[in-house]
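This briefing goes through a single protein chain, with the structure shown below for reference. Please keep it in view while reading the points that follow.

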Amino acid sequence: MKRTTINLLTFAAIAAASFYVSGCGGVGSNTNGVSPARSSNSTSPESGKTTESVYPPLKSDVADAEMETMDGGKTKISDRKGNVVLVNLWGIWCGPCRAEMPHLIELQNKYKEKGLQIIGLNVGDDDGNPEDFVKIKEFGEKTGLNYELTRASREMKAQIFRLANFDGVPLSILVDRDGHLRAVLRGGGPPSIKQLKDTVDKTMAE
């Protein structure tokens, strides 16, 4: 009961931490939060002992949601345990998303060999309809994106927006090697990009 209460407090703290950022298409509050709190256990690879994590596990409805890959397959965040996973929700039509991409490219180059997997999760056009795979692929090639591009179902978008308490883009969630939610990063602009890079640096250094 105590751990459940602390988990709820963790998500409340994440939702409460906020400042102004730019984004596209959101009707929720533009917020950015990284809030540590006692929540769950993980196993240390060095000692094999169970240690208490200060971050909550990523909710299963998001971790196990299927993303469509460019080759027509499916992939899930939960399939990537052992890697640090940054899922970045974006749209071709979103200016702040495009402004953020060079920094994602930089992070992927910096940490690819150390286990960072960035997933660009396309949320569809500005009416919420799926963007064509051909257009997504062409955009990625033209922009020089060096990370995996996928497409979200309406259900997955709704689950992530609910988790983040934000329904705009860009929106990123960062998951550590043990499947714990390390950050929900909402909106774009220089403050958000700095927060994104700092949080990835910290997580990768662990």
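Over residues 27-51, where pLDDT stays under 50, how many contacts beyond four places in sequence does the model have? For residues 27-51 the model has 78 such contacts, where contact means heavy atoms within 4.5 Å and pLDDT is the predictor's confidence in each residue, from 0 to 100. This is a predicted model, in which local features need pLDDT of at least 70 and side-chain atom pairs count only at pLDDT 80 or more, while totals for chains, interfaces and linings use all residues. Residues are numbered from 1 along each chain as its sequence is written, and side-chain values use heavy atoms, with hydrogens and water left out.

**Confidence and overall make-up**

- The chain has a mean pLDDT of 82, and 75% of its residues reach 70 or more.
- Residues 1-21 are another stretch where pLDDT stays under 50, and for these the model has 39 contacts beyond four places in sequence.
- Six helices and 10 strands are found in the chain; helices (H or I, at least four residues) and strands (E, at least two) are DSSP runs, numbered from the N terminus.
- Of the 206 residues in the chain, 48% are buried, where buried means under 20% relative accessible area, exposed over 50%, and partly exposed in between (1.4 Å probe, protein chains only).
- Among contacts in the chain with a separation of 6 or more, 67% are between residues 24 or more positions apart.

- Leaving aside neighbours within four places in sequence, the contacts of Ile77 include Leu58, Val62, Met67, Val85 and Ile173.
- Leu86 lies in strand β6 (residues 84-90) and is buried, with a relative accessible area of 0%.
- Although Leu86 and Leu174 are 88 residues apart in sequence, they are 4.5 Å apart in space, C-alpha to C-alpha, and Leu174 is one of the residues in contact with Leu86.
- Val85 is also found in strand β6 and is buried, with a relative accessible area of 2%.
- Val85 and Ile173 are 88 residues apart in sequence and 8.2 Å apart in space, C-alpha to C-alpha, and Ile173 is among the residues that Val85 touches, as are Ile77, Arg80 and Gln117.

**Lys76 and its surroundings**

- Lys76 is found in the loop between β5 (74-75) and β6, and this residue is partly exposed, with a relative accessible area of 25%.
- Not counting residues up to four places away in sequence, Lys76 touches Ala63, Asp64, Ala65, Glu66 and Met67.
- The C-alpha atoms of Lys76 and Ala63, 13 residues apart along the chain, are separated by 6.5 Å.

**Helix α5 and the loop that follows**

- Helix α5 (residues 154-164) has as its buried residues Met156, Lys157, Gln159, Ile160, Phe161, Leu163 and Ala164.
- After α5 comes Asn165, whose phi is positive, near 55 degrees; Asn165 is found in the loop between α5 and β9 and is partly exposed, with a relative accessible area of 44%.
- Most residues other than glycine have a negative phi, and most peptide bonds are trans.

**Cavity and pocket**

- A search of the whole structure finds one cavity of 30 Å³ or more; on a 1 Å grid over the protein atoms alone, a cavity is a set of points where a 1.4 Å probe fits but cannot get out, a pocket is an open set with protein on both sides within 12 Å along at least five of seven lines, and lining residues have an atom within 4 Å of a point.
- The largest cavity holds about 40 Å³ of space, and its lining includes Asn122, Arg151, Arg154 and Lys157.
- About 180 Å³ of space lies in the second largest pocket; of the 14 residues that line this pocket, the closest to its centre are Ala63, Ser78, Lys81, Asp178 and Gly179.
- Grid points are joined across faces, edges and corners, and a volume is the space filled by probe spheres set on the points.
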